[in-house]
Amino acid sequence: MNDDLFAGLSLLLDSRPPQETTGLVRSVFVSPDQLVPAARRLLAAGYHLEDISGLDTVEGILVNYHFDDFERPGRIALRVLAVRENLCLPSIASVFGGAEWHEREVRDYFGVVFAGNPNPANLLLPAEDTLTPLRKAENARRTVRELIDPGTIVTADQQFDRIFPPHPQGEKTMKSEEPA
Amino acid sequence: MLKIIFTEDFIRIVLAAVSVMAFVGANGLVLVYMERKLAGHIQRRPGPYEVGWHGLLQPFADAGKLVGKQLFMPDGADALLYWLAPLVSFLWVLVLFIPIPFSPLLTAYDMDLGLVLILAFAGINLLALCMAGWGSNNKWSLLGAARAVAQSVAYEIPLLLAVLAVAFATGSLNLSTVVQDQGGWPWQWNVITQPLAFMVYFICAVAETNRAPFDLPEAESELTAGFHTEYSGMAFGLFFLAEYAKMIVVCALGTALFLGGWKGPLFSGVWWFLAKMYLLLFVMIWIRWTYPRVRFDQLLNINWKWLLPISLVNLMATALFVKIF
Amino acid sequence: MQDGLNKEQISGDAYTTRFAQGQSEDTLILNMGPQHPSTHGVLRVILELEGEYILRAEPVLGYLHRMHEAMAENRTYLQYMPNMGRVDYVHALGWNWAYVGAVERLGGIEVPRRAEFIRVITCELNRIASHLLWWGTYLLDLGAFTPIMYAFEDRERILDILQSVSGSRLTYSFFRPGGVAFDLTDDFLTEVRAFIPHLRNRLPMYRALVTDNIILRHRCEKVGELSLEMCRRYGATGPVLRGSGLPYDVRRAEPYGVYPELTFEIPSEASCDAMGRYLVRMAELEQCLNILDQAVAGIPEGEHLIKGAPKPRWKAPTGETYFAAEGARGKIGVHLVSDGSATPYRCKLRSPSFSNLSLFAELSSGILLSDAVSILGSLDLVIPEIDR
């Protein structure tokens, strides 16, 4: 795995999660504007898109892009947050053609709109349907820090703590009683 | 008027038409059973088994089922074309049986141009396919009909050339003469003197009857059922019967032209004819259940690049041979 | 029959009207499916045809969508096991493994060695059954009606063997986090040992009669040429990828179970076409038999389920995990996120057929309709896995 794969891009967090328990070798948080450049780097480095998986959290919908390499296996999770006020992210379908369907699925399930997706119709849910089945009730949501263990942190931007605030008591497993 | 009705020829033709219909009907039943049994055994299963001893009464059950089904027409279909198509498909095939010499006595009408009659009327089937394809108001049927037309038209040409080669060698277009010209023993049959023509003829016969591996017009897995998708009940039954009748015609013609017709080493007669005809039918059924389907452009390629040149060369060689010797 | 000519009169649902907006002159818009003999399952493909040539194709999904991922959030970890048998029922044990692998990774659960061997044996038998079904139905699509009967005869034996140990013939929920549900029966290994030479003897017949058949070769060679670069962009894996020259297999890339101890090759073909994918799957049948030989010979005594395996209302530790297994169709992935309660927070199912089918639209422009049927068959799609 190439450490300067994302050289030149501003990452919110770059870390090495424990591979034994998470199945990932690298976990990268980016802001939406860095998403397409990051995807381009990954395509150029020979990665393939495994899937795009959404996660409904307190801070918003966290969209996880999983990439892996055929020749040098090692899974990378690229994570972008879509805030609840603006559930919109740029589409990487121009880079990875397979993303078109994955993004449509995330839109079906979570309501996140991917700007630039060539065919933004419902994929799995009935046409014109606006259910978002995988969104959670407010009291069932957890924070990103509770759910995702970054592991060994390589670089961290200050923005990261602002977007994903740590729990006041510093414990990941307890749900915060005050609004985060 | 009465003079026309009671001439020997007229009565003969009427009797022939009735017996041909009976023959085709009976053979259709036998063929349905034979096809299903053979398909079963090739596929390692017994085939029809329940109805009658070893499924012998199955064709009657099939016929009963087809007759008993509701006849309906899809929305927006052209009624005239839709209902005429199966009739046109079936009735015309009966005409094709007239020149075929089942035995010296059992020839419906001994024509000097028997071969020409058969080849000419064989093309009417295309009309029926077009009517079915267009009249069904179904895009899949249309595609199937378009494919069928292209296929039939293309494969008629090598068929004609192969048959003509035999006619050249014999010197007559009269089927009875062609049979008389051959002997009873296999080495005296035309298949020995005209092997290429036989091969071309048989391949074209399989293609003309829309049987696998050339069954694109009815490709079940691509076009649902091609041009007869929208038909049910006896309308489908008529298409079905027409296909079997056509199979019988081409195999009967092949027997007369290439395999010595009704002549046999001992006891020449209609039973030899039927035996040889059924041998050819058996091979046709065997091929269907063994090979996958040929793609459409490949099918036309086989025709234009292989069958046509071979049959042309064969015809030239035959003509040369006949002229010199 | 005016549909193809007058755009305002296109009748059809939202997807058809949307598709028809890009229609060119003198073309026919046709729906292949969702009821169609050769779209395996309820797949619908909207085609724009010019004669026999496809200008555009768009698969429409969702006809078999059951929202498995929402079901995961409403069931406990053990209650969700039967769902895994229904996602891809043709290679159900592959999905079983992907899911229990994810749960075990999340919970740090060990698996006894005997259970690992049982998993390998049953999963490889399932893989053989899946490939046989693919083979029979692919040839049925191409017009050969007989091979499916032979394939299903062999498949019956496998289904009987697997039924004796798991209780199901098709939709297995045989694996459990920490092992497998039941131990092997006495005659299981005898049956497997009898089956392996039986199939080995059949494969040359299949090769001689079908694989070497010239008509089949002409239907599959040079059809659906799929470059490696395209596989990367769409995430195609499994025999689709291996038929394009890259021998990538999750069992070697991210080893799990006892696969590191077993010797087997990863067949690949460089031809990138449907014939390449066909040959890869036929070669994989041989390799599965090799793996079975070794596993049956090497299976130790022991437990089939670890003591302390998750009980019905087991709570997973908080965290996320991703586990990938090699299914008959490609890389099966399960992304599991837990919030420490008895039901998963999120269970994302990564289906190989989903990624494999997503490249069809790009692959199918300019090909013949018959080739589209051949390509769809060579991608080995199982629609319930795509729709989940």
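This is a predicted model: local features need pLDDT of at least 70, side-chain atom pairs count only at pLDDT 80 or more; totals for chains, interfaces and linings use all residues.
## Strand pairing in chain A

Two strands are treated as paired if DSSP finds at least two bridges between them. Strand 5 (residues 76-83) of chain A is joined to strand 2 by five bridges in a parallel arrangement, and here the bridge partner of A:Arg26 is A:Ile76 of strand 5.

In a regular strand, side chains alternate between the two faces of the sheet. On one side of strand 2 of chain A lie A:Arg26, A:Val28 and A:Val30, on the other A:Ser27 and A:Phe29, and all of these are buried, so that both faces are covered. The strand is accordingly described as mostly covered, with five of its five residues buried.

## A helix and a buried phenylalanine in chain B

Helix 13 (residues 270-290) of chain B has 21 residues, which at 1.5 Å a residue should span 30 Å; the C-alpha atoms at its ends are 31 Å apart, in agreement with that expectation. Its buried residues are B:Trp272, B:Phe273, B:Lys276, B:Met277, B:Leu280, B:Leu281, B:Met284, B:Ile285 and B:Arg288, and these pack against helix 2 (8-42), helix 10 (195-208) and helix 12 (233-258) of chain B.

Helix 12 of chain B also holds B:Phe258. This residue counts as buried because 27 C-beta neighbours lie inside 10 Å, where 20 or more are required. Leaving aside residues up to four places away in sequence, B:Phe258 touches B:Trp189, B:Asn190, B:Val191, B:Gln194, B:Phe198 and B:Tyr201. B:Phe258 and B:Val163, although 95 residues apart in sequence, are 9.4 Å apart in space from C-alpha to C-alpha.

## Domains and backbone of chain C

The domain assignment divides chain C into domain 1 (7-60) and domain 2 (68-356 + 369-387), and the C-alpha centres of the two lie 32 Å apart. Their contact takes 10 residues from domain 1 and 11 residues from domain 2; the domain 1 side is made up of five nonpolar, four polar and one charged residues.

C:Lys222, with phi near 60 degrees, is found in the loop between helix 8 and helix 9, and counts as partly exposed because it has 13 C-beta neighbours inside 10 Å. C:Arg388, with phi of about 45 degrees, is placed in the segment after helix 16 (383-387), and counts as buried because it has 24 C-beta neighbours inside 10 Å.

The contact between chain C and chain A takes 41 residues from chain C and 35 residues from chain A. On the chain C side, the elements that give two or more residues are helix 1 (14-20), helix 2 (68-73), helix 4 (92-107), helix 9 (228-234), strand 6 (319-326), strand 7 (331-338), strand 8 (346-350) and helix 13 (352-358). Strand 6 of chain C gives the most, with five residues. By class, the chain C side of this contact divides into 15 nonpolar, 12 polar and 14 charged residues.

Towards chain B, the contact takes 27 residues from chain C and 24 residues from chain B. At least two residues each come from strand 1 (28-32), helix 5 (113-141), helix 6 (147-166), helix 8 (214-220) and helix 15 (369-378) of chain C, and helix 8 of chain C gives the most, with four residues. The side of chain C that touches chain B has 16 nonpolar, seven polar and four charged residues.

## Confidence

The model scores ipTM 0.89 and pTM 0.87. Chain C averages a pLDDT of 88, and 96% of its residues score at least 70. Over residues 1-8 of chain C, however, the pLDDT is below 50, although this stretch has 11 contacts in the model beyond near neighbours in sequence.

Methods
Residues are numbered from 1 along each chain as its sequence is written. Chains are lettered from A and ligands numbered from 1 in the order in which they are written. Two residues are in contact if their C-beta atoms, placed from the backbone, lie within 7 Å. Ala, Val, Leu, Ile, Met, Phe, Trp, Tyr, Cys and Pro count as nonpolar, Asp, Glu, Lys and Arg as charged, and the others, Gly among them, as polar. The expected span of a helix is 1.5 Å times one less than its number of residues. A residue is buried if 20 or more other C-beta atoms lie within 10 Å of its own, exposed if 12 or fewer, and partly exposed in between; C-beta atoms are placed from the backbone. Domain bounds come from an automatic or database domain assignment. pLDDT is the predictor's confidence in each residue, from 0 to 100.
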